[in-house]
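Good morning, and thank you for coming. Please look first at the sequence and the structure on the screen, and then I shall describe what has been computed from them.

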Amino acid sequence: MYTDFALRQALDRYRDYPSLALCYDIACQYWKNIGARFKLSFPDFVDAVSRMRYFVPKLHAYGHTDSCRYQYALDFATGVGRTHGERIESSWAEANLSGPSTSEMNAGHRRDVLAAYYNFWNFNQLVLLGEVSVGVGISTNQFCSSVP
Ligand SMILES: [Zn+2]
């Protein structure tokens, strides 16, 4: 139910897009009754979720059956680029370090601190992506280890 609500919020501005793709750790199970759930809770979004294609992120796919790995693989899909679907989780290990301090903050302060953290994370990714793109000699390992 919470995931449905989050998806509905995410689709708010994109539901009319002709091609929609959802990459989710349990997409192989999640999509099965999504039409019925959305018909009940978010009827304006039923068309969007029925047009959506569902994928399992590449690292999570190892925990699924062989059938899932092929049926929900990003590798065999068009229009999704070469993504692995795990990008959002790459900052979590670092972000977890802020837990002890942010848990002591009031909601507004916590929100500001976490927004600053993620803005800084995103900014550094963009800066380093530019360095990688122009070929300044930074290796993939250096890139990954230098992103805070
Ligand atoms: Zn599966």
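**Contacts, core and loops in a predicted chain**

I begin with contacts, where two residues are in contact if their C-beta atoms, placed from the backbone, lie within 7 Å. Of the contacts in the chain between residues at least 6 apart in sequence, 54% join residues at least 24 apart.

Please keep in mind that this is a predicted model: local features need pLDDT of at least 70, side-chain atom pairs count only at pLDDT 80 or more, and totals for chains, interfaces and linings use all residues. Residues are numbered from 1 along each chain as its sequence is written.

The score pLDDT is the predictor's confidence in each residue, from 0 to 100. Its mean for the chain is 87, and 89% of the residues reach 70 or more. Confidence is highest in helix α3, at a mean of 97, and lowest in helix α10, residues 140-146, at 55.

Next, the elements. Helices (H or I, at least four residues) and strands (E, at least two) are DSSP runs, numbered from the N terminus. The chain has 10 helices and two strands, and from the N terminus their order is α-β-α-α-α-β-α-α-α-α-α-α.

How much of the chain is buried? A residue is buried if 20 or more other C-beta atoms lie within 10 Å of its own, exposed if 12 or fewer, and partly exposed in between, with C-beta atoms placed from the backbone. Buried residues make up 11% of the 148 residues.

A nonpolar core is a set of buried Ala, Val, Leu, Ile, Met, Phe, Trp, Tyr and Cys residues joined through C-beta atoms within 7 Å. The largest one here has 12 residues, among them C23, C28, F38, V56 and Y72. Two or more core residues come from each of α2, α3 (34-41) and β2 (53-55). In soluble globular proteins, nonpolar side chains tend to be buried together. For F38, setting aside neighbours within four places in sequence, the contacts are D4, F45, V46 and V49.

Let us turn to single positions. D25 sits in the loop between β1 (21-23) and α2 (27-30). Why does D25 count as partly exposed? The reason is that D25 has 17 C-beta neighbours inside 10 Å. Beyond four places in sequence, D25 is in contact with V56, P57 and H60. Its C-alpha atom is 9.0 Å from that of L59, although 34 residues separate D25 and L59 along the chain.

L59 itself belongs to helix α5, residues 58-61. Because L59 has 12 other C-beta atoms within 10 Å, it is exposed. L59 and H84 are 25 residues apart along the chain, with 7.7 Å between their C-alpha atoms.

With 18 C-beta neighbours inside 10 Å, H64 is partly exposed. Not counting residues up to four places away, H64 touches C28, V56 and R69.

Finally, A95 is found in helix α7, residues 92-96. A95 is partly exposed because 15 other C-beta atoms lie within 10 Å. From A95 to Y117, 22 residues apart in sequence, the C-alpha distance is 7.8 Å.
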